[in-house]
Amino acid sequence: MTNRKLYTVDTISEFHKICGLPKPHHPLISLVDYSLVEYQIEESEISWMQELYFMGFKRDLQGKLHYGQSQYDFDEGLMCFIAPRQLVKMIIDKSGIKPTGYLLAFHPDFIWNTPLAKTINNYNFFGYDVNEALFLSEKEEETLIGLFKGIEKEYQSGIDEFTQNIIISQIEVILNYCERFYQRQFITRKKTNHHILDKLENILEDYFNGNMIDKGLPTANYIAASLNISTNYLGSLLKSLTGQTTQQHIHEKLIEKAKEKLSTTELSVSEIAYELGFEHSQSFSKLFKAKTDISPLEFRKSFN
């Protein structure tokens, strides 16, 4: 970016203005057709911090989108989700080739004081990196585009006391479909996902075989960073493939190492707890019993 300017996009009107679009029909929600976008900036690279939710289905988007620390080339159809107050950077290709697809943008005020406002953070994909976007089949594309168009038709037909509730219901349907589609993606991309599981096991093995006294227990953030994926995506992937959370995987490996030390060494329970990164042996003993139904000393006695 030439002058490193950071744009702020606080309203739907501001977003339309940057995109070179007419004034929006509704002040808090808009469906944008990517083929009509003409960014009203001279730079070939723009960054913005938006106060809006974005749910975008993109195809043939020339250029690169940076979201957080990730970059993605949108050379095939996919869908990504961006929450408010996230930094987004677009490197624009000015070759004249138009992308296709739709972007549904809505302000948090649109869902304020509704059940969706309380549950939208439960959709973990708003915390995924761009390279963890949702790849859609043609049938899935048709389903989502139909829902997008239904929202557009609703707010363009006139705003009344029912408009907000109807549109919010449609947004919830989109989010639930996307949750289903992500589960499908976790299953159909088995090779890639099982490779992640293999790397996860290696990371945990190396970590527990190292000096944990100063490091303490590994965290979900540490594991995700080591795998170069987001914490949310890792959690969703593991839940889908194994039924366990990242923390449960860490604890599982921890108990495995604890059993190994209890059965092959003369170290005391306190010494084992210390070597495994616990500040207090009571915390270690409590976790061990919660996971195995017996205390560390009882395990040692039963093993012997």
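User: Where is Asp 293 placed?
Analyst: Asp 293 lies in the loop between α11 (281-292) and α12 (296-303), where helices are DSSP runs of H or I with at least four residues, strands are E runs of at least two, and both are numbered from the N terminus. Please keep in mind that this is a predicted model, in which local features need pLDDT of at least 70 and side-chain atom pairs count only at pLDDT 80 or more, while totals for chains, interfaces and linings use all residues. Residues are numbered from 1 along each chain as its sequence is written, and side-chain values use heavy atoms, with hydrogens and water left out.

User: OK, and is Asp 293 buried or exposed?
Analyst: Asp 293 is exposed, with a relative accessible area of 65%; buried means under 20% relative accessible area, exposed means over 50%, and partly exposed is in between, using a 1.4 Å probe on protein chains only. Asp 293 also has a positive phi of about 75°, although it is not a glycine. Most residues other than glycine have a negative phi.

User: Which loop holds Asn 228?
Analyst: Asn 228 sits in the loop between α7 (220-227) and α8 (231-242). Asn 228 is not a glycine either, yet its phi is positive, at about 60°, and with 60% relative accessibility Asn 228 counts as exposed.

User: Now Phe 125, buried or exposed?
Analyst: Phe 125 is buried, with a relative accessible area of 3%, and its place is in the loop between α2 (115-119) and β10.

User: What does Phe 125 touch?
Analyst: Leaving aside residues up to four places away in sequence, Phe 125 touches Phe 81, Leu 175, Cys 178, Glu 179 and Tyr 182, where contact means heavy atoms within 4.5 Å. Phe 125 and Tyr 182 are 57 residues apart in sequence, while their C-alpha atoms are 8.6 Å apart in space. For the protein chain as a whole, 71% of the contacts with a separation of 6 or more are between residues 24 or more positions apart.

User: Which residues touch the most other members in the largest nonpolar core?
Analyst: They are Met 55, Met 79, Leu 104, Phe 126, Ile 171 and Ile 174, in a core of 65 residues; a nonpolar core is a set of buried Ala, Val, Leu, Ile, Met, Phe, Trp, Tyr and Cys residues joined through side-chain atoms within 4.5 Å. The largest share of this core comes from helix α4 (residues 163-188), which gives nine residues. A second, separate core has 20 residues, including Ile 12 and Leu 52.

User: Last topic: how many cavities of 30 Å³ or more are there?
Analyst: The search of the whole structure finds two. On a 1 Å grid over the protein atoms alone, a cavity is a set of points where a 1.4 Å probe fits but cannot get out, and lining residues have an atom within 4 Å of a point. The largest cavity holds about 130 Å³ of space, a volume being the space filled by probe spheres set on the points, which are joined across faces, edges and corners. Of the 16 residues that line the largest cavity, Tyr 34, Trp 48, Lys 58, Met 90 and Leu 103 are the closest to its centre.

User: Which element gives the most to that lining?
Analyst: For the largest cavity it is β4, with three residues, while α1 (12-19), β4 (53-59), β7 (78-82) and β8 (87-92) each supply at least two.

Technical notes: 1 Å grid on protein atoms, 1.4 Å probe; cavity = no way out; pocket = protein on both sides within 12 Å on 5 of 7 lines; lining within 4 Å.
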